[in-house]
Each structure stands twice: as structure tokens, then as C-alpha cells.
Amino acid sequence: MSERSMNHDAKAGKPFRRLLLTGAVGNLGRQLRGALAAWAEVVRVSDIAPLGQLAEHEEGIVADLADRDAVYRMLEGVDAVIHLGGISVEAPFDALMESNIRGLYNLYSAAQKHGVKRVLYASSNHAVGFHPVTEVVDIDAPLRPDCLYGVTKCFGEALSRYYYDRFGLETVCMRIGSSFEAPKNPRMLVTYLSYRDFIELVRCALFTNRVGHAIVYGVSDNRVKWVDNTKAAFLGFRPQDSSMDYEHLFPVAAPSQEFNDPTQRFQGGPFVLAGPMEPDA
Ligand code: NAI
Ligand code: 15L
């Protein structure tokens with residue numbers, strides 16, 4: 001698949017010449033596109049889904065991440081990548097294999113060959129979702145994926161580590177909590193990352209001078225926290241928002257036997273029972 005459109009009027013003086021945003025028409029991609037306009041002369045936006053209307057500074061590529069040749073072309077002339085593309089929930093293994101494993105390998109392989117300097121990788125809290133809610137995990141906590149989708153995020157963290165150690169290709173793995181307009185349930189009061197804080201996290205990950213291979217949790221300044229970003233302080237990420245503004249949506253209930261429910265006991269919530277899913281018929 002290849003719909004390609006060059007529609008930019010490059011302006012000098014922006015920090016990056018060309019950024020690549022994958023997953024550009026997804027939930028978070030749509031939030032980020034406005035901010036990227038100020039940071040790069042050209043933003044190459046890509047997705048497997050139709051891209052719709054492009055802004056003046058954008059060029060578009062519709063492609064499947066699993067298509068190695070298309071991904072190789074996609075990385076040409078790119079300074080840095082914000083990689084949000086892929087399946088973002090639990091799914092049958094074969095689908096995850098193509099989008100999140102083969103697709104990620106294609107991306108890193110092409111990035112290295114084209115001399116890309118840095119990748120911002122959208123990892124997930126589900127890489128560590130089988131830690132109990134009675135623990136605070138920092139970036140050195142053992143990986144405990146809570147579903148096959150979480151396993152693919154662990155693969156991404158390991159693959160990016162390898163590409164840094166082998167080739168010096170830098171990555172910031174952003175273990176995003178729950179980034180939506182607003183928390184959708186009581187668990188998300190803890191895992192909530194506002195869109196504004198998500199954009200700030202991306203800004204910090206892009207503009208910190210040296211990041212090596214870094215891991216950082218993407219959560220707002222919520223009252224209850226299951227994660228600790230102390231060891232990622234060099235990124236300078238300071239969330240401005242909090243889920244406190246939404247606590248009224250989920251009135252406090254007394255602790256109950258529900259406590260033994262795995263979806264209550266573990267940080268991953270409902271994801272801990274979501275997999276593995278049967279193959280597509
Ligand atoms: P989303 O599902 O809305 O967007 C993902 C985009 O990737 C979609 O536009 C989809 O068309 C595209 N995509 C899927 N498979 C593809 C393929 N094979 N080739 C090319 N493009 C493909 O997800 P959202 O919320 O925007 O999340 C972005 C990233 O952040 C995802 O990688 C997700 O795993 C991660 N993340 C998001 C969280 C959140 O709360 N929004 C939490 C943790 C991680
Ligand atoms: C994720 O990794 C998903 O991409 C997102 O859709 C949310 O479900 C989020 O985690 C979460 O844990 O709430």
C-alpha cells in the first residue's frame with residue numbers, strides 16, 4: 001500500500017529537519033500533530049489507515065509497518081521517530097506479530113540503516129502490569145507483562161536496548177499509562193496521563209541532549225501512584241495535570257471482596273485477564 005503525498009513548505013529555523021510520526025491518525029497521534037508543527041520543518045505522518053487532510057508542513061505515507069520495503073522508504077531522510085503505530089490493545093498473536101513485532105523490527109532495522117538518531121517508542125504500563133497495586137515500580141522493576149500485547153511492548157524495549165548497545169541508536173521507551181481525554185474508570189485515576197502531559201513527555205524525550213536507552217513512565221501527577229520516575233529525572237518530565245479533577249466521577253467505595261479479583265489486584269487491571277486471545281477464524 002503506498003499513498004504518498006508531499007505537501008510541505010519547509011521553514012528554516014526549527015529544531016528538526018524531518019520527524020516521522022507513526023500511528024498518526026490514532027488517538028495519541030492526532031493529539032501530537034499540532035505540537036510537532038513547531039518542532040520540525042517537515043513532519044512525515046504515517047499510518048495503515050487513511051491520513052485525511054494533511055497540514056502544510058506534513059507529508060504522508062500510508063503503509064503497513066509489517067511491509068519491510070515500505071518501512072525502509074518511510075525512514076529515509078528522517079532525524080527522529082515518534083513511534084505510536086501498532087496494535088494498542090490485546091489481540092490475537094498473529095496480528096500482534098505483524099504490527100508490533102515484525103513492524104517494530106522493520107522500523108529499527110530501517111532507522112539504523114538510514115542513520116536515524118533517536119526513536120521515541122510508545123511502550124505501555126502493560127509491560128509491567130502483573131505487578132500488584134500494592135507496589136510502586138520504578139524503571140528497574142522486572143518486566144511482568146500482563147497480556148500478549150504487553151509482551152510485545154517488552155520485545156520493543158529489548159529490541160531498542162539492543163539497537164542502542166549495538167549501534168548507538170537512542171531510544172526513550174515511554175511506558176504510557178492511560179492517555180485519553182479523561183479517566184474512564186477508577187483504575188485510570190491512577191494511570192491517567194493527560195494529553196497535555198503526554199505532549200510534554202514527548203517534548204522532553206525529543207529535546208534532552210543525550211538519552212542513551214531510557215525508560216520513563218507516562219503518568220500525570222495523580223494523587224495515587226504505582227510508578228516512580230526518579231531514575232528518569234534527567235529527562236526533566238514534570239507533569240502539570242492530575243486525575244484529581246476527575247475523582248468525583250468515581251465515588252469512593254469501601255474495600256470489598258472484589259479485592260481478590262485479579263483485575264483489582266494487579267496494575268494492569270482488565271488486561272490481566274484479556275489474553276491470550278484465540279487466533280482469528
Ligand atoms: P491507537 O490504537 O488509537 O493508534 C494506533 C495507530 O496505529 C492507529 O491509527 C492504527 O491504524 C495504527 N496501526 C495499527 N497497526 C498498524 C500497522 N500494522 N501499520 C501501521 N499502522 C498501524 O492507539 P493510541 O492510543 O493512539 O496509542 C498510541 C501508542 O501508544 C500505541 O503504540 C499504544 O500501544 C501506546 N499506548 C497508548 C496508551 C494510551 O492510553 N493511549 C497507553 C499505553 C501505550
Ligand atoms: C494501553 O496500553 C492501551 O494502549 C490503552 O488503550 C489503555 O487501555 C491503557 O493501556 C490502559 O492501561 O488503560
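Cavities, pockets and a helix

Author: Let me begin inside: the largest cavity has a volume of about 100 Å³. This is a predicted model, in which local features need pLDDT of at least 70 and side-chain atom pairs count only at pLDDT 80 or more, while totals for chains, interfaces and linings use all residues. Side-chain values use heavy atoms, with hydrogens and water left out, residues are numbered from 1 along each chain as its sequence is written, and chains are lettered from A and ligands numbered from 1 in the order in which they are written.

Reader: OK, but what counts as a cavity or a pocket?

Author: On a 1 Å grid over the protein atoms alone, a cavity is a set of points where a 1.4 Å probe fits but cannot get out, and a pocket is an open set with protein on both sides within 12 Å along at least five of seven lines; lining residues have an atom within 4 Å of a point. Grid points are joined across faces, edges and corners, and a volume is the space filled by probe spheres set on the points.

Reader: How many cavities of 30 Å³ or more are there?

Author: The count is two, and the second largest cavity has a volume of about 50 Å³.

Reader: Switching to pockets, how much space is in the largest one?

Author: The largest pocket holds about 950 Å³. It is lined by 26 residues, and the closest to its centre are Pro186, Arg187, Val190, Trp226 and Gln264.

Reader: What about the second largest pocket?

Author: Its volume is about 780 Å³. Of the 38 residues in its lining, Leu84, Gly86, Ile87, Ser88 and Tyr149 are the closest to the centre, and by class the lining has 16 nonpolar, 18 polar and four charged residues.

Reader: You mentioned α3, so what does that helix look like?

Author: α3 covers residues 93–113, which is 21 residues, and reaches 28 Å from its first C-alpha to its last, close to the 30 Å expected at 1.5 Å a residue; that expected span is 1.5 Å times one less than the number of residues.

Reader: Where does α3 bend?

Author: The bend is at Gly103 and is about 30°, taken as the angle between axes fitted to the seven residues ending there and the seven starting there.

Reader: Is Gly103 buried or exposed?

Author: Gly103 is buried, as are Leu96, Leu107 and Tyr108, among others in α3; buried means under 20% relative accessible area, exposed over 50%, partly exposed in between (1.4 Å probe, protein chains only). The buried residues of α3 pack against several elements, including β2, α2 and β8, with contact meaning heavy atoms within 4.5 Å.

Key
Ala, Val, Leu, Ile, Met, Phe, Trp, Tyr, Cys and Pro count as nonpolar, Asp, Glu, Lys and Arg as charged, and the others, Gly among them, as polar. Helices (H or I, at least four residues) and strands (E, at least two) are DSSP runs, numbered from the N terminus.
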